[in-house]
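Here's a quick walk through one protein model, written for someone who likes to see the cut-offs. Have a look at the fold, then read on.

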Amino acid sequence: MMTLMTEDRTNLQWARLAAAIKAAREARGLRQIDLAELAGISEGSIQNLEDPDRRPSRMPQSLAKVEPHLGWSAGSGVAILKGGEPTLLATNPRDGRRDSQGRIRGQLPLRIVDELESDDPLLDSAVIELPGVDGARMTVVVRGNPNATPEQIQEALLAWRKAERRLQRLSVEEGSDTPNPRAANGS
């Protein structure tokens, strides 16, 4: 958690930060509820961050949670409060696009982005070629319960292996000569 407890907080530019957050959110085509879902916080927290008249007595924890979803690197909100500018997340210099996470966020439904960015343990992943369509593929990400016991994790992995075999059989049955799973996780 970032704090500015030892600094003079009277000169922090809260209205400037509120305007910057709102502008960055709108530039990404996000509603307040969308940003809240991405950041894992309440819509009220977003409303508070965007309130130009609000002067919190401490640094809101929600600030660090929204920064990456606004395209900002960590600490950008504090930089704005001090009169600076946000540091943007890395872009691909060849085409000016955001990093792969930014591209994913813009192309997938929020529920899928939420699963992909989940802190739940990654158990496995695979890319499976779709039958009959050159280059089309399905990506599967298998996440586990963060509170799972080793036995439950093993059970989940066995269930995934069973499902993966079924998917591969379907691929073969539908016309693909050979299933071509490419494990992205290396397991």
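Which kind of contact do the side chains of Arg25 and Glu26 meet in? They meet in a salt bridge, 3.8 Å from N to O, where a salt bridge is a side-chain nitrogen of Lys or Arg within 4 Å of a carboxyl oxygen of Asp or Glu.

## Ground rules

This is a predicted model, so local features need pLDDT of at least 70 and side-chain atom pairs count only at pLDDT 80 or more, while totals for chains, interfaces and linings use all residues. Residues are numbered from 1 along each chain as its sequence is written, and side-chain values use heavy atoms, with hydrogens and water left out.

## The overall picture

The protein has eight helices and two strands; these are DSSP runs numbered from the N terminus, helices being H or I with at least four residues and strands E with at least two. Along the sequence, the pattern reads α-α-α-α-α-α-α-β-β-α.

Of the 187 residues, 32% count as buried. Buried means under 20% relative accessible area, exposed means over 50%, and partly exposed is in between (1.4 Å probe, protein chains only). The protein exposes about 11600 Å², with carbon and sulfur atoms supplying 49% of it; accessible areas come from the Shrake-Rupley method with a 1.4 Å probe, and for residues only the protein chains shown count as cover. As for contacts (heavy atoms within 4.5 Å), residues 24 or more positions apart account for 55% of those with a separation of 6 or more.

## Helix 2 and its cover

Helix 2 spans residues 32-39 and is mostly covered, with six of its eight residues buried. Those six are Gln32, Asp34, Leu35, Ala36, Leu38 and Ala39. What covers them includes helix 1 (14-27), helix 3 (43-49), helix 4 (61-66) and helix 7 (110-116). Just after helix 2, Gly40 takes a positive phi of about 75°.

Helix 4 is also where you'll find Ser62, which counts as buried at 11% relative accessibility. Setting aside residues up to four places away in sequence, Ser62 touches Ile41, Ser45 and Leu49.

## Salt bridges

Searching the whole structure turns up six salt bridges. In general, side chains of opposite charge can pair when their charged atoms come close. Back at the opening pair, Arg25 is buried with a relative accessible area of 7%, whereas Glu26 is partly exposed at 45%. Asp34, in turn, forms a salt bridge with Arg31, with the closest N and O atoms 2.8 Å apart.

What distance, N to O, goes with the salt bridge between Glu164 and Arg161? The side chains of Glu164 and Arg161 meet at 3.5 Å. Because they are three residues apart in helix 8, about one helical turn separates Glu164 and Arg161. Glu164 is buried, with a relative accessible area of 12%, and Arg161 counts as partly exposed at 26% relative accessibility. Elsewhere, salt bridges that share partners join Arg25, Glu26 and Glu50 into one network.

## Surface patches

Which residues gather in a patch of positive charge on the surface? They are Lys162, Arg165, Arg166 and Arg169. Patches are made of residues with over 30% relative accessible area and no salt bridge; like charges are joined within 9 Å, and nonpolar side chains (Val, Leu, Ile, Met, Phe, Trp, Tyr) within 5 Å. Lys and Arg count as positive and Asp and Glu as negative, with His and the chain ends not counted. The place of a charge is taken as NZ of Lys, CZ of Arg, CG of Asp or CD of Glu. Arg166 sits in helix 8 (residues 150-173) and is partly exposed, with a relative accessible area of 44%.

There's a nonpolar patch too: Leu108, Ile112, Leu116, Leu122 and Val141 make one of about 330 Å². Leu122 belongs to strand 1 (residues 122-129) and counts as partly exposed at 40% relative accessibility.

## Leu167 and its contacts

Leu167 lies in helix 8 and counts as partly exposed, at 25% relative accessibility. Leaving aside neighbours within four places in sequence, Leu167 is in contact with Ile128, Met138, Val140 and Trp160. Leu167 and Leu130 are 37 residues apart in sequence and 9.7 Å apart in space, C-alpha to C-alpha.
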